[in-house]
Amino acid sequence: MLETRRGLVLRGLGLSLGGRMVLRDISLDVAPGEVVSLEGPSGAGKTSLLRAAAGLLPHAGQVLADGGRPALVFQQHALAGRLTARGNVLVGALGRLGFWRPALGVWPAAEVAAAESCLARVGLAGLGGRRAAHLSGGQRQRVAIARALLQRAPVLLADEPVASLDPANAEAILTLLRGLAREGGLAILVSLHQPELARRFADRRLRIAEGHLWET
């Protein structure tokens with residue numbers, strides 16, 4: 001019997017921070033191969049929703065995702081500038097390897113090859129040995145996406161991935177994410193503050209305000 005993929009499913013998600021209700025009974029579905037944008041004013045709870053879905057914040061309700069836990073791409077890349085692009089991507093394999101071998105600088109050859117493959121998928125072939133501190137903003141965001149890909153999670157969450165990029169790089173990153181959904185079958189939920197980009201790149205648009213979620 002073939003297993004049916006579900007992508008990302010949230011049911012009755014609730015979250016309180018500092019005694020304030022941030023999310024109220026949030027339910028949504030993101031299917032494999034679909035890009036869904038999450039919009040709303042600053043402080044509305046977009047980042048909190050993504051972090052809760054990624055398992056980084058305690059919450060009420062249910063989160064179901066193919067692969068167990070979604071991969072999260074942070075707004076500010078969260079890269080180690082002293083590490084190479086390849087080294088930053090390899091961090092995505094820690095969930096499989098544990099920490100002792102990486103702490104000694106020993107990475108399995110198969111994971112190194114997989115990291116290079118992920119860099120190639122995001123358009124950074126040949127740049128694995130360059131330090132992250134020497135990469136452009138757009139390149140650093142691509143490294144962050146490659147790191148998420150190495151986690152091998154079928155669900156990808158992206159928190160304002162183009163907020164600090166110029167228009168050309170922003171479009172390139174969103175084109176990349178859309179391609180990963182279409183060609184790789186990833187379910188992608190991405191928070192954006194640019195409605196025009198959401199209209200162009202998302203299959204569906206959701207808006208969050210005052211803790212509630214609805215389709216735009």
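## Largest pocket

In this predicted model, the largest pocket is lined by A54, L56, R69, P70, A71, L72, F74, A78, V91, G92, R147 and Q151. Its volume is about 300 Å³.

Sorted by class, the lining of the largest pocket comprises eight nonpolar residues, two polar and two charged. Domain 1 (1-70 + 154-215) and domain 2 (78-152) each contribute at least three residues to this lining.

## Second largest pocket

The second largest pocket holds about 160 Å³ of space. It is lined by 15 residues, of which P41, S42, G43, K46 and E160 are the closest to its centre. The class division of this lining is three nonpolar, eight polar and four charged residues.

Two of the elements that supply the lining of the second largest pocket are β2 (20-30) and α1 (46-53), with at least two residues each. The largest share comes from α1, which gives three residues.

## Helix pair α5 and α6

Two packed helices are described by the angle between their axes and the distance between the axes. For helix α5 (residues 109-121) and helix α6 (residues 137-150), the axes come within 9 Å of each other and cross at roughly 130 degrees. An angle over 145 degrees would count as roughly antiparallel, and 65 to 115 as roughly perpendicular; α5 and α6 are therefore oblique to each other. The handedness of the α5 and α6 crossing is right-handed.

Terms used: Residues numbered from 1 in each chain as written. Predicted model: local features only at pLDDT ≥ 70, side-chain atom pairs only at ≥ 80, totals over all residues. Heavy atoms only, no water. 1 Å grid on protein atoms, 1.4 Å probe; cavity = no way out; pocket = protein on both sides within 12 Å on 5 of 7 lines; lining within 4 Å. Points joined across faces, edges and corners; volume = space filled by probe spheres on them. Nonpolar A, V, L, I, M, F, W, Y, C, P; charged D, E, K, R; others polar. Domains from an automatic or database assignment. Helix = DSSP H or I, 4+ residues; strand = E, 2+ residues; numbered from the N terminus. Axes fitted to C-alpha atoms, helices over the stretch in contact; angles between N-to-C directions. Parallel < 35°, antiparallel > 145°, perpendicular 65-115°, else oblique. Left-handed = near helix turned anticlockwise from the far one by under 90°.
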